[in-house]
Amino acid sequence: MVGVGLSSLLTNVVRIILHLIKPDYITEALVFFGISTMFGAFCTVLSYKFIESSDTGCRPEIDNSQFTFKKIWLRIWEVYCKNGIMALSILVTFTIQYTFYPGVMLSSSLEPTFFTDFSWFVITLVTYHSFWDTVGRYLAGIFNILPKKVFLWACLSRIIFVVFYMLMHDGKDPSLWASNWFIIVNLTLFSFTCGYLSTLGMNYGSDETTLNQSLAGSIMGFHLTFGICLGSAIALICLS
């Protein structure tokens, strides 16, 4: 999970460099997506080479009878009974995250007063989020202070950020909720907790207790993606 954070951070560093060299959105987009395409192609070639080098030519016979529709769903259910709480925790974490990041955060009502250029506000906010998200992911691999039995409650506690961002977005008491220090502190905690909890959750949800770690990882990945989609849908409703 640290690799995800680092790739996001590197992407934003490239965006900053491009914006410094030529502050033109079309040029930035073309260069950025060109680099992304080349990187994706490079990873595809590496994956193919890895699979090719690990193929010894001795393929075991597969019993297709074990892949009936009923047996597949029974296997999924068996694993889901083991990691369902962790999957729900990841769903909650990313739903809350993408309800406000980046769409609602980038609304003008949340722009700190020390930014005079909105484009730099966007780049700085996204980069700052990526940095603390990566720090959270890294520290999750070193310090595990949340046991499984309280992990879901820890994820649910991030609902407090929903309250904070609603107050910030609605302009309630701007001297507090829209102040520079509160925006920065809130974004720091919001980003750090997402990285920390998502890394712990993915590890918990696909550990050896799930009986089938590869299938458990797929289940966790589905809930992560679904959380992003659900949060983004809520964000569109909030901004409409």
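This is a predicted model: local features need pLDDT of at least 70, side-chain atom pairs count only at pLDDT 80 or more; totals for chains, interfaces and linings use all residues.
View 1. Val13 belongs to helix α1, which spans residues 2-21. The relative accessible area of Val13 is 37%, so this residue is classed as partly exposed.

**View 2. The largest nonpolar core comprises 21 residues.** The members that touch the most others are Ile90, Leu146, Phe151, Tyr196, Leu197, Leu200 and Met220. Two or more residues of this core are given by each of the elements α3 (69-100), α5 (148-156), α8 (180-205) and α9 (213-239). Helix α8 supplies the largest share, namely six residues. Apart from this core lies another, of 16 residues, including Val92, Phe121, Leu125 and Phe190.

**View 3. Tyr196 and its contacts are shown in detail.** When residues up to four places away in sequence are not counted, Tyr196 touches Gly136, Arg137, Leu139, Ala140, Phe143, Asn144, Ile145 and Leu146. Tyr196 is also among the core residues that touch the most other members, as is Leu146.

**View 4. The cysteines shown here belong to a structure in which a search finds zero disulfides.** A disulfide is a covalent bond between the sulfur atoms of two cysteines. For Cys155, the nearest cysteine sulfur is that of Cys194, 9.5 Å away, and Cys155 is in no disulfide. Such a pair would need its sulfur atoms within 2.5 Å. Cys155 has a relative accessibility of 0% and therefore counts as buried. Cys81, by contrast, counts as exposed because its relative accessibility is 52%.

How values were computed:
Residues are numbered from 1 along each chain as its sequence is written. Side-chain values use heavy atoms; hydrogens and water are left out. Helices (H or I, at least four residues) and strands (E, at least two) are DSSP runs, numbered from the N terminus. Buried means under 20% relative accessible area, exposed over 50%, partly exposed in between (1.4 Å probe, protein chains only). A nonpolar core is a set of buried Ala, Val, Leu, Ile, Met, Phe, Trp, Tyr and Cys residues joined through side-chain atoms within 4.5 Å. Contact means heavy atoms within 4.5 Å.
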